[in-house]
Amino acid sequence: MDLQASVAAADMTSQDRRVNAIAFAIMVALIAIAPFFAYPFFVMQAMCFALFACAFNLLIGYANLLSLGHAMFFGIASYVCAHGAKVWGLEPVSAIAVGVAASAALGFVTGALAIRSAGIYFAMITVAFSQMVFFFCVEAPFTHGEDGIQAVPQGRALGFIDLSNPWILYCFVAAVFLFGFLVVQRAVNSPFGEILKAIRENEPRAVSLGYRALQYKLAAFVLSAVIAGLAGATKALVVQNASLTDVSFSTSGEVVLMTLVGGMGTFYGPVVGALIVIAMQNYLAQFGEWVTVIQGVVFVACVLAFRRGIVGELAARAKVSL
Amino acid sequence: MNIFGHMISMPQLYGQLLIGLINGSFYALLSLGLAVIFGMLTIVNFAHGAFYMMGAFAAYFLLQYAGLNYWFALILAPLIVGAIGAIVERLFLKRLAGFDPLYSLLLTFGLALIIQGLFQNYYGASGMPYAIPKQLSGAYNLGFMFLPVYRGWVILASAVVCFATWLIIEKTRLGAYLRAATENPTMVRAFGINVPRMVTLTYGFGVALAAFAGVLAAPINQVRPGMGADIIAVVFAVVVIGGMGSILGSIVTGFVLGVVEGLTKVFYPEASNTVVFVIMAIVLLIRPTGLFGRAA
């Protein structure tokens, strides 16, 4: 696709804006009523993973960069936030901030090395880096190895919001999720996002127009790491622990699956996908390793026959962008 | 010898060097398989670790249920697993030929989950022993150390198979067809060569190399469902360091990095798990296309 066409196609029409406003209102309404119908702990967990998937989607959906090691950002922020809250005695918002700072720093270093390669090379490099971070977390003393960091205090956010109250915690997590979601949406719809999409469609042309493609990709990578870190740090406060699972390869795979099922390159796809995958894990937990097999089958089926995902398919049928 | 505050004994040094060479043999075979597949299909086979594990399990099944010993397994396991690979290519990967290679990567990723999940279901996470064949038990006394015969055999067998693969691809007529089809498949098809069949067989061959490594590993590392997932990230790092374009590069890098890892275990054990990834970061900084790779 040529550059002008791609930018024009990516522009939201007034109809798209209306549809998006309605979709957002529905999502907020669902979050508001969900705790009356579902187990609130489950909804909070789903929101954390949905935000994580939105961060991953920012790269694959709008920059065509497939990161297969995104758990490193989610996990490192989870560990640092848990350590900050428990050992340094930080209040929750500061603990989340330190966690996010750690994932931003990690995102900058790994991103600077990885974005010079594209496609499958990029994917392999992210796998290797996340494995390195995993081994670091196994060895480093503050992560407590196999035990992880347990009994993380929830504390009082900013000194007066008592997060040990489950209803207040729910509102807090919902606020973090909606904030992160809107940041991703804003970034994609901004001039920065348009240039990112232009680079995705035709990198040499974007470069010849004077855009520094590498810097834009690095910025997208760091932003994605930051949002993934925000999700991971919040998750540490919700489930009150940080463990090797957060930084493991299977978590990296799950976030890919969520985005693929929901629809890559759509705003609401990762959210829907995260809900489905988390629900699948919860309801199928009694089947043990069969969950892994089912996840694999869903992967293969999506790639072969359902590449647009649920939201992508709906949006294509209705001819709107969601 | 005293380096970095560690007291190093020579037997320990030789021992780790040997373990490094053994791991290097597996890295070389696996990254060679990935390179062969990449050269022909331009995809990364994420299921490579799973096929390596299947090779070890095939050896175990052949012994357990068919009474066929190690030597039969060494031939049959790669054939069986390679045939499964060829079927996977025909059934699934072929359908994704016109799409972004990232989709094939995701497909093989899903396959790896299925295979590993299935084996974990039936065999749990623990390992099953596989005895060293009696012809290869015992050890040589090399004067400065004892070399277990089986370990020497693994290094030798891996080196021979790697070299033979390189020879086939670079020096034979079949290899010339392969290389030509990599450059321009349409033109090669116009000459009357069945390129789709060649693609299927190439994928099967790459998978067979992984299974061969799995059989070699069975007596050393036990037969475990998780053995493939443990090694695949390191193999990816090896491929990135060596550069995807080069057959010889992937072999050399595999052996060298195995040795480097072994030496790190002696001099700075805390970093032995991460040293390969650190080297990858340095190589990416200096030569983003890898040591032996060509610029894209």
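How are helices H7(A) and H10(A) oriented to each other, roughly parallel or roughly antiparallel? The views below come from a predicted model, in which local features need pLDDT of at least 70 and side-chain atom pairs count only at pLDDT 80 or more, while totals for chains, interfaces and linings use all residues. Residues are numbered from 1 along each chain as its sequence is written, and chains are lettered from A and ligands numbered from 1 in the order in which they are written.

**View 1. Helices H7 and H10 of chain A.** The axes of H7 (residues 166–189) and H10 (residues 213–239) of chain A come within 11 Å and cross at roughly 170°, where axes are lines fitted to C-alpha atoms, for helices over the stretch in contact, and angles run from 0 to 180 degrees between N-to-C directions. H7(A) and H10(A) are therefore roughly antiparallel to each other (angles under 35 degrees count as roughly parallel, over 145 as roughly antiparallel, 65 to 115 as roughly perpendicular and the rest as oblique). Helices (H or I, at least four residues) and strands (E, at least two) are DSSP runs, numbered from the N terminus. On the H7(A) side the residues are Val173(A), Val176(A), Gly180(A), Val183(A), Val184(A) and Ala187(A), and they meet Leu223(A), Ile227(A), Leu230(A), Ala231(A), Thr234(A) and Val238(A) of H10(A); two residues are in contact if their C-beta atoms, placed from the backbone, lie within 7 Å. By class, this contact of H7(A) with H10(A) has 10 nonpolar, 2 polar and no charged residues (Ala, Val, Leu, Ile, Met, Phe, Trp, Tyr, Cys and Pro count as nonpolar, Asp, Glu, Lys and Arg as charged, and the others, Gly among them, as polar).

**View 2. Helices H3 and H7 of chain A.** The axes of H3(A) and H7(A) come within 10 Å and cross at roughly 10°, and the two helices are therefore roughly parallel to each other. Residues of H3(A) in this contact include Met44(A), Met47(A), Leu51(A) and Leu58(A), and those of H7(A) include Tyr170(A), Phe177(A), Gly180(A) and Phe181(A). By class, the contact of H3(A) with H7(A) has 18 nonpolar, 1 polar and no charged residues.

**View 3. Leu51(A) and the largest nonpolar core.** The largest nonpolar core has 204 residues, and those with the most contacts inside it are Leu51(A), Ala128(A) and Ala211(B). Such a core is a set of buried Ala, Val, Leu, Ile, Met, Phe, Trp, Tyr and Cys residues joined through C-beta atoms within 7 Å, and a residue is buried if 20 or more other C-beta atoms lie within 10 Å of its own, exposed if 12 or fewer, and partly exposed in between, with C-beta atoms placed from the backbone. Helix H3 (residues 40–62) of chain A supplies the largest share of this core, 17 residues. Leaving aside its neighbours within four places in sequence, Leu51(A) is in contact with Phe177(A), Gly180(A), Phe181(A), Ile227(A), Leu230(A) and Ala231(A).

**View 4. The contact between chains A and B.** Chain A gives 34 residues to the contact and chain B gives 33 residues. On the side of chain A that touches chain B, the elements giving two or more residues are helix H6 (119–139), helix H11 (249–262) and helix H13 (290–305) of chain A, and H6(A) gives the most, with 14 residues. By class, this side of chain A has 22 nonpolar, 8 polar and 4 charged residues.

**View 5. Two loop residues with positive phi.** Gln240(A), in the loop between H10 and H11 of chain A, has a positive phi of about 60° although it is not a glycine; with 17 C-beta neighbours inside 10 Å, Gln240(A) counts as partly exposed. Thr42(B), which lies in the loop between helix H1 (10–41) and helix H2 (48–65) of chain B, likewise is not a glycine and has a positive phi of about 45°. Thr42(B) is partly exposed, with 13 other C-beta atoms within 10 Å.

**View 6. The surroundings of Ser137(B).** Ser137(B) is placed in the loop between helix H4 (101–123) and strand S3 (139–141) of chain B, and with 12 C-beta neighbours inside 10 Å it counts as exposed. Leaving aside its neighbours within four places in sequence, Ser137(B) is in contact with Ile132(B), Val149(B) and Tyr150(B). The C-alpha atoms of Ser137(B) and Pro148(B), which are 11 residues apart along the chain, are separated by 7.2 Å.
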